Amino acid sequence: MRRRAFITLVGAAAAWPVVARAQQPAGKVPRVGYLGVASASDGRRGVEAFETGLRELGHVPGKSLVIDYRWASGRYEQLEGLAWELARIPVDVIFAPTTAASLAAQKVTATIPIVFSTAYAPVETGLVASLARPGGNITGLSYYVSFEILGKQLELLREIRPGLSQVAVLWNPNNPAMQRISEVKKAAESLGIHLRIIEARGPDDFDGAFLTMARESADAILVLPDPMLSENRAALGALALKNRLPMMTGSREDISPGVLMAYGANRSDLTRRAASYVEKILKGAKPADLPIEQPTKFDLVVNLATARAISLPIPEAFLVRADEVIE
């Protein structure tokens, strides 16, 4: 079952020089560095989306351009070292999809162009000067996680669980993009919902996190965007199922057994579209002149199988509004 729902967001209409970009010999095949926060296995969907975008533009990875992949496997502290590796090759463009990857690349070079696809709050985190005029060597697409989106996620949870008053918010404090956790608190306050902020720096923290949720009598769970949490969505879903808690995530890609709903932008689509930024830069465009794009469409996905498993009835009117219902 598929439906479409649109929300329009108002959007885009300094780094230190550490590594200089090497001059490429004429006729040399361009090289693109891919800096991933997750593991190679969990990052395969991003790779597929990125390479699909390149193929749509006429590129053949491995022939018309070379892609050098580096993976941090969820260890944020390794990102800067991996960015150095890419800069020393040297690559012509660094594709650093997330905020954390882009911040690491930013520390390494102010000359090699950097493109992101799912960066959160790129202005607030210091990646760019403004959405309309990035102003440096970084540009791309923003994965918008705003007060309004977080509020919408909480509203959706309350719709399917009337009387909801206490929500556990699971986040990874190692992720620099999520340090503005105050956004979630503001969204909850406007709805009269009490939050219990719970940290998880790795899978070893999951059992303790859910014990805390049980002790605090949480009515539902909101998982904030993070590569580590996304990579371990199956484990989180299993724990949510065991504790019979409705869980909300921010992307269709994070739906797994035990995860009830997702509401947010499609990360794979953003990553596919980011290939056009790489293409423009390889043809001579400057990142400073390429405005940051923000998503204007957000998908609601409902996992009806999970709803049945936790004995949570979902109103038909709610299902009709969903973009996708997983049976």
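**Close-up views of a predicted model**

**View 1. Alanine 307 sits in helix H10 (residues 304–309).** This is a predicted model, in which local features need pLDDT of at least 70 and side-chain atom pairs count only at pLDDT 80 or more, while totals for chains, interfaces and linings use all residues. Residues are numbered from 1 along each chain as its sequence is written, and side-chain values use heavy atoms, with hydrogens and water left out. Helices (H or I, at least four residues) and strands (E, at least two) are DSSP runs, numbered from the N terminus. Alanine 307 has 2% relative accessibility, so it counts as buried. Buried means under 20% relative accessible area, exposed means over 50%, and partly exposed lies in between (1.4 Å probe, protein chains only). Leaving aside neighbours within four places in sequence, alanine 307 is in contact with Leu260, Leu312 and Ile314. Contact means heavy atoms within 4.5 Å. Valine 259 is 48 residues away from alanine 307 in sequence, yet their C-alpha atoms are 8.8 Å apart.

**View 2. Arginine 233 belongs to helix H8 (residues 233–242).** Arginine 233 is buried, at 15% relative accessibility. Its side chain makes a polar contact of 3.1 Å with the side chain of aspartate 42. A polar contact is a pair of N or O atoms within 3.5 Å; within protein, one must be able to donate a hydrogen and the other to accept it, and residues adjacent in sequence count only if both atoms are side-chain atoms. Beyond neighbours within four places in sequence, the contacts of arginine 233 include Asp42, Arg45, Glu253 and Val259.

**View 3. Helix H5 (residues 182–191) has Glu183, Val184, Ala187, Ala188 and Leu191 buried.** These residues lie on the same side of H5, because they cover an arc of only 135 degrees around the axis. The arc is that of the directions from the helix axis to the C-beta atoms. An α-helix has 3.6 residues a turn, so residues three or four places apart point the same way. Exposed Glu189 and Ser190 are on the face of H5 turned away from its buried side. Just after H5, glycine 192 takes a positive phi of about 70 degrees.

**View 4. Strands S1 and S2 run parallel, joined by six bridges.** Two strands pair if DSSP finds at least two bridges between them. Five of the six residues of S1 are buried. Tyrosine 34 has tyrosine 69 as its bridge partner in S2.

**View 5. Ring pairs link Tyr34, Phe50, Tyr69, Trp71 and Phe95 into a cluster.** Rings of Phe, Tyr and Trp (its six-membered ring) pair if their centres lie within 6.5 Å; planes under 30 degrees apart count as stacked, over 60 as edge-to-face and the rest as tilted. The count comes to seven aromatic pairs. Tyrosine 34 and tryptophan 71 form a tilted pair, 5.3 Å centre to centre with 45 degrees between the planes. This pair links distant parts of the chain: tyrosine 34 is in S1 (residues 31–36) and tryptophan 71 in S2 (residues 66–71), 37 residues apart. Tyrosine 69 and tryptophan 71 are stacked, at 6.1 Å centre to centre and 0 degrees between the planes. Tyrosine 34 is buried, with a relative accessible area of 4%, whereas tyrosine 69 is partly exposed at 24%.
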